[in-house]
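Please look over the sequence and the model below. The paragraphs that follow go through a few local features, starting with one side-chain contact.

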Amino acid sequence: MVIGFNLYDIAKIIAVISIGAVVLLIFSLPIQAFLYVLDSFGHLADNGMGYLKYIAYLLIAAGLFFLVRRQWGRVGIAVAVLVAFGALVGFMSSGMRGDVVAYGSERNEQWAAALAGQPRYAPIAWLEPEAIGNLRRQVDVSCCTNEAVLREEGTYPRQTGIGTRVGKYRISATGALASTTFLTDYINVVADGAGDWLAFYNQCVAPAQWDMEDYARKYGKGAADRVTHENNMKLARRPEPCKTMEGVEEKYDLGLAARMTDVIAADGGRAAALLESDGLDAACAAHERCTAFERDFALDVK
């Protein structure tokens, strides 16, 4: 006996599978939302808002109290308020998971990468506020966490006993395999007005600026053209705020021009004199570290 399938049978099977998948998705959405809200309470607690769970406990207790007393109208109100509060917590957590200064956000891995000197080494410690430098000196960073671990555990920061795993990086106390409060300490320093220098470094450092004429003599014009093209592509892919002083100051809250002015004035010499007479643009051109900064970050300091 031969069993065969025609196109109509196959279409029916596909339709049944598709409908089943849609139904499963619909019924799983409330469960996914519930799990996300629970995770959001933990995320906000890591950002200093642990008190929010006590509000939820109070609402649950009120709902149970009214349920025991069979006050159905008030039970409904308590449930509605609890659902609205859960939605608020979920939205608050979602807003702190993107490219923002928060525990558990995308910037955590940017900070760890910057501590590791990535994407490439460009000296900037001379320009950073002392509060940022102090935190840098308190930690070491190593790379890289096994990819299987990252797939299983995700990129959310984890205390491992020997350090804080942030994405593929591990941040530990200087000179010791010990856990650290670097992330929360750094967030506090940024919030106090120092600015997010580590994210600025990691996102905005420009591709390596080589002497392309010399490179062409050594490796040929074709190789030099290819490297130049790749560097230009990397420059274009940098976040838009990285391309102007105003964008950098707004996105990373650095006060970059004011900080550069203070450093040039403190260093003295011809650059400091030009700062008084001709302004920051002229002073930077006469200041070795400022011109190196312009080259490394492809920014016109003015």
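The side chains of H43 and S93 are joined by a polar contact of 2.8 Å; a polar contact is a pair of N or O atoms within 3.5 Å, where within protein one must be able to donate a hydrogen and the other to accept it, and residues adjacent in sequence count only if both atoms are side-chain atoms. The model is predicted, so local features need pLDDT of at least 70 and side-chain atom pairs count only at pLDDT 80 or more, while totals for chains, interfaces and linings use all residues. Residues are numbered from 1 along each chain as its sequence is written, and side-chain values use heavy atoms, with hydrogens and water left out.

H43 belongs to helix α1 (residues 7–46); helices (H or I, at least four residues) and strands (E, at least two) are DSSP runs numbered from the N terminus. Is H43 buried or exposed? H43 has a relative accessible area of 1% and is therefore buried. Buried means under 20% relative accessible area, exposed over 50%, and partly exposed in between (1.4 Å probe, protein chains only). Leaving aside residues up to four places away in sequence, H43 touches S93, M96, R97, Y103, G104 and Y156, where contact means heavy atoms within 4.5 Å.

Next come the backbone features. Most residues other than glycine have a negative phi, and most peptide bonds are trans. Q118 and P119 are joined by a cis peptide bond with omega of about 15°, and P119 sits in the loop between α4 (107–115) and α5 (130–137). Another cis bond runs from C143 to C144, with omega near 25°; C144 is in the loop between β1 (139–143) and α6 (147–153).

D253, a residue other than glycine, has a positive phi near 55°. D253 is in the loop between α11 (245–252) and α12 (256–267), and its relative accessible area of 48% makes it partly exposed. For A298, phi is also positive, near 50°. A298 lies in the segment after α15 (288–297) and counts as partly exposed at 33% relative accessibility.

α5 packs against helix α7 (residues 182–194) at an angle of about 175°, with the axes 10 Å apart. α5 is therefore roughly antiparallel to α7, a term for angles over 145 degrees. From α5, the contact involves A131, I132 and L135; from α7, F182, D185, Y186, V189 and A194. These residues divide into seven nonpolar, no polar and one charged.

Conventions: Axes are lines fitted to C-alpha atoms, for helices over the stretch in contact, and angles run from 0 to 180 degrees between N-to-C directions. Angles under 35 degrees count as roughly parallel, over 145 as roughly antiparallel, 65 to 115 as roughly perpendicular and the rest as oblique. Ala, Val, Leu, Ile, Met, Phe, Trp, Tyr, Cys and Pro count as nonpolar, Asp, Glu, Lys and Arg as charged, and the others, Gly among them, as polar.
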